[in-house]
Amino acid sequence: MENTNWTSVSHFILLGISTRPEEQIPLFLLFLLMYAINISGNFAIITLIISTPRLHTPMYIFLSNLALADICFTSTTVPKMLQNMFSPTKAISYMGCLAQTYFFICFAAMENFLLAVMAYDRYIAICQPFRYPMILTRMWCLQMVALCHILSHLHALLHTFLMGQLIFCADNRIPHFFCDLYPLMKISCSSTHLNTLMIHTEGVVVINGALVFIIASYACIISVVLRKPSAKGKWRAFSTCGSHLTVVAIFYGTLTGVYFQPLTSYSVTKGRILTVMYTVVTPMLNPFIYSLKNGDVKGAFRKWMSRIWTSFSR
């Protein structure tokens, strides 16, 4: 087979999660429901935080940015997947595929950095409560959020640029529901050594660096909480930390399972399942995990719903 330059590849075929016709409608309804919950839940969090002055604090600034990142993260892949379930071609253009790869990596990295920043926020709030207003000023919070955005785009730009250098030959079928790194590298007929090297070096530093920072922050938090004399105070702190760590465990556990392995041992089937966990399930759960045990959010939500009910009943 003669190798051709990537410019001859005008599109890719996204095979999706399943190729069985009888599974398309149940899968469509399932992912449509999860996507609707994700969008509505995260949009409600953003609206609630913006419309409630008492929630204009560092913790909720970070949470609103996480909710926005979750909406964008899922919207990068799920709408195209839903469309392709009933499309006869299941095609995505070459440039569309690279754009999807870029934004997918960007918002995944943004979630990674924001989770680390939120762990830092909790560390200062619990371990240094009297210095909290002096350390986490509004300007410092905005600078950290801006840094999360800049680093995320640089991270995405690097890996998308390297992906754009690969050569694709006759086989343009991607055994996935979106243009993910490993499935694209698997069908490339040029060397993917540099791509793999960057995933296992720069990618490890970005992902595992944030994860180590999160674990260290929560280790300090737990150490301080255990010294608290109040059982109620301990329960409240552990309840909040438990919610955050649940999100961290799902996100990083599945992300590590997909990418931090040799390309030769990558399993398409396993990769699809793990990818669904951190691209669809985690963003859908975040609004509930971060809000259900948060008295401020629940109180603001009740007042918000009360105002809406009053305006409709007039």
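## Two helices that cross: α2 and α6

Is the crossing of α2 and α6 left-handed or right-handed? In this predicted model, α2 and α6 make a right-handed crossing. Helix α2 covers residues 58–75 and helix α6 covers residues 138–164; the two pack at about 20°, and their axes are 10 Å apart. Angles under 35 degrees count as roughly parallel, so α2 is roughly parallel to α6.

Who touches whom here? On the α2 side, the residues are P58, I61, F62 and N65, and they meet R138, C141, M144, V145 and H149 of α6. Sorted by class, this contact has 6 nonpolar, 2 polar and 1 charged residues.

## α2 again, now with α10

Helix α2 also packs with helix α10 (residues 268–291), this time at an angle of about 150° and with axes 9 Å apart. An angle over 145 counts as roughly antiparallel, so that is the label for α2 and α10. The handedness of this crossing is left-handed.

From α2, the contact draws on L63, L66, D70, F73 and T74, while α10 brings Y278, T279, P283, N286 and Y290. The split by class is 6 nonpolar, 3 polar and 1 charged.

How far apart are the end C-alpha atoms of α8? Helix α8 runs over residues 193–226, which is 34 residues, so at 1.5 Å a residue it should span 50 Å; the end C-alpha atoms sit 47 Å apart, in agreement with that.

## α4 against α8

Helix α4 (residues 94–127) pairs up with α8: their axes come within 9 Å and cross at roughly 20°. That angle is why α4 and α8 are roughly parallel to each other. Their crossing is left-handed.

The α4 side of this contact consists of N112, F113, L115, A116, A119, Y120, R122, Y123, I126 and C127. Facing them in α8 are V206, I207, A210, F213, I214, S217, Y218, C220, I221, V224 and V225. By class, the tally is 18 nonpolar, 2 polar and 1 charged. As for the spacing in such lists, an α-helix has 3.6 residues a turn, so residues three or four places apart point the same way.

## A loop residue to look at

Where is K90? It lies in the loop between α3 (78–85) and β2 (91–93). K90 is not a glycine, yet its phi is positive, at about 55°. For background, most residues other than glycine have a negative phi.

Notes:
Residues numbered from 1 in each chain as written. Predicted model: local features only at pLDDT ≥ 70, side-chain atom pairs only at ≥ 80, totals over all residues. Heavy atoms only, no water. Helix = DSSP H or I, 4+ residues; strand = E, 2+ residues; numbered from the N terminus. Expected span 1.5 Å × (residues − 1). Axes fitted to C-alpha atoms, helices over the stretch in contact; angles between N-to-C directions. Parallel < 35°, antiparallel > 145°, perpendicular 65-115°, else oblique. Left-handed = near helix turned anticlockwise from the far one by under 90°. Contact = heavy atoms within 4.5 Å. Nonpolar A, V, L, I, M, F, W, Y, C, P; charged D, E, K, R; others polar.
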